[in-house]
Amino acid sequence: MTKFLEYLVDPFLWRGLVVAIQITAVSMALALVLGLLLALMRESRHAVIRLPAAFYTWLMRGTPLLLQLVFLYTALPSLGFSLGPVVTAMIGFTMNEAAFSGEIIRGGIKSVGKSQVVAASSLGMGPVLTLRRVIMPQALRAIVPALGNNAISMLKFTSLASVIAVNELTLRSQTIVATNFEFFPVFLAAGAMYLAATTVMGFGQSALERKFALDRPTTPQAGFFARAVGLPLRRPKDGAATPEPDTDVPPPSTEKTAEATESKTTTGVADLIAAQATAPSGQADDAHFVSCRNVAKAYEGREILTGVDLDVRQGEVVVLMGPSGSGKSTMLRLINHLEDVDDGEVLVDGRHVGYELKDGTLRPVSRLSQARADARIGMVFQHFNLFDHLTVLDNICIAPVRVYGRDPKETRELAMALLRDVGLERHAHHLPHRLSGGQQQRVAIARALAIQPKLMLFDEPTSALDPELVGEVLQVIRRLAEAGMTMLVVTHEVRFAREVADRVVFMDGGKVVEQGSPEDVLDRPSQPRTQRFLNLVAQSGGV
C-alpha cells in the first residue's frame, strides 16, 4: 500500500498523464471539426462530395489505430515532415477519431426532424444559420453521450502511442517497472490516475447533457447558497418580471389573476403588424397581392397540382378547403417557395419569391433564404414546428434578430407584446413541450408575426388540436382578419370559414373546383364534389 501511494503522487507518472490528456484534448477538438465536415459531406446530394467522405470513413474505421500510428510515424519523415512523436500521435488520433465522430454527428443531425428545417426556412433562415441555431443545438442531445464515450476511450487508447515513443503514462509506467519490477503498485497507480481523469471527463459529459436536455430549467435559478438562506431571485436585466416556474399551474394565490391574463388580449400589436402588411407596395389598388398562374407540381411522377390559377387581393382572407391530398398544403409551400414550382408562376406583391428569369425560364436564385426573408411571408404549420430547444421568447426573437438584424432589446419588447396579445406572456420563458397544443400554436402565430409579414399562410392550424383548444387559436386568426392581414388559410373548419373568410376556394384532385363567397360555396355549392365534401364535414360535426 505504501508503494502504491508513493507512485500515486510520483511527478514522473503525472507528467505522463498530462501528455495523454494533451493528446486527447487536441485530437478530440480537431476531430470534431473534421468530423462535422465529414458529416456534412456525407449528407451532400453531390456524389463528388459524398464519396470521398464515405471512402475516408470506411478506411479509418476499417484499419487498426495502432497500424495507423505506426504508418504515420514512418511515412511522415520520408515526406519531409519531422513532427516528433507527440504531434504525430495527435495527427493519428485526430484522423482516426474524425471518422467515428463524423458518423456520430451525422446521426445526430438526422435525428432532428425535417419540420424544424422547414420552419427555419419559412422564417428566411439560411442553411448555415439553420445548422448553427436550430439543427446542431438539438442534435447535440444525441451527439454528446456518444462523443463523451469516445473522448474517454481516446484518453485510454493514448497508451497505444507508446509504440511510436510517446512518453505518456503507460510508457512511463513500463519504464519504472523495467528497473524495479514492481508491477502491481506501479500499474495500480497508473490505473488510478486514468480513472481520476476519466471521472472528471464523465462529470463534464453529464454537465453538457444537462445543458442540452429538454427538461433543463429555463427560468433564472438561485445558487445553492441563495437557496439555503432563502434569498429571492434577481430580476432579469431587461426589466421584465421574473418568470414563473415551468408549469402550467400558477401558484394558488395568483390563479385567478393568471387566468384573467390568459383570457384578456389586446389588438394593439395585431394592428401594428397589419399596418406593416397593408403598407403601400407600389401596386395599383385593384392589383392582386398573390397571383398564381397555371401552377403545377408533382412528386416522383405523381401530380399534386395541375394548372391551378388563384388570386388573393391585399387584405383579403381566403380559405382553402378540400379533401386530404387535394394539394392545399402544397399550394401554400409553393407560394413562399418552400417547394419549387414545376410549371407556371407565383407572384407575391408583384414579385417572384426566389426565382429569376434566365433564357426565358424561371430558375431558383442562389440565395433563396434571402429571397424568402425579403418576401416577408409568415407561415403557421399544422404541427406548430416550434424550435424545441428554444424558449417561447427565443422562438419569437430568433428570426427578427438573426435574419433581419433587429436590435435584440427591441425585439424582446415586441415579442413580449405579441405574447401579451395572444395571452401567453407568463409562458415566455417556458420550453414549447411544457405548453398545451393550443398554446404552442398561438406561439407559432406570434413567431410568424414577429417578422412583420405582408402575408400570412396557415396550414391547417387547428387539425392537430383537441376540439376544446381549437377556439383559442381561431380567435387569434379572427383578430388578424379584423385587423386587415392578408391571409391564406387551409382549414376544414366550416363555421370559421363562414365568419372570417372573404372568399372560399374548394380544391380537389390538384385543381380549383369552385370558389366564391362563403355563402355561395358553403351554402349554395354549384359543384357536386363540393356538396359531397360539405355533407361529409357536416356529418363529422365540422359545420
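Author: Helix 13, residues 328-335, is mostly covered, with six of its eight residues buried. Buried here means under 20% relative accessible area, exposed means over 50%, and partly exposed lies in between, with a 1.4 Å probe and protein chains only. The buried residues are K328, T330, M331, L332, L334 and I335. Helix 13 is followed by H337, whose phi is positive, near 60°. Helices (H or I, at least four residues) and strands (E, at least two) are DSSP runs, numbered from the N terminus.

The model is predicted: local features need pLDDT of at least 70 and side-chain atom pairs count only at pLDDT 80 or more, while totals for chains, interfaces and linings use all residues. Residues are numbered from 1 along each chain as its sequence is written, and side-chain values use heavy atoms, leaving out hydrogens and water.

Six strands make an open sheet in the order 8-9-10-3-11-12, and the pairing is mixed. Its edge strands are strand 8 (377-380) and strand 12 (511-516), each of which pairs on one side only. On average, neighbouring strands of this sheet are turned by 20° against each other, direction ignored; the axes behind such angles are lines fitted to C-alpha atoms, for helices over the stretch in contact, and angles run from 0 to 180 degrees between N-to-C directions. Two strands count as paired if DSSP finds at least two bridges between them.

Strand 3 (residues 317-321) pairs with strand 10 (residues 487-490) in the parallel sense over four bridges. Within that pairing, V490 in strand 10 is the bridge partner of L320. Strand 3 is also joined to strand 11 by four bridges, and these two run parallel. There, M321 has F506 of strand 11 as its bridge partner.

Strand 11 (residues 503-508) is itself mostly covered, five of its six residues being buried. Five bridges join strand 11 to strand 12, and this pair runs antiparallel. Strand 11 and strand 12 form a hairpin with two residues between them, and G509 in the turn has a positive phi of about 60°. In general, strands of a sheet pair through backbone hydrogen bonds, either parallel or antiparallel.
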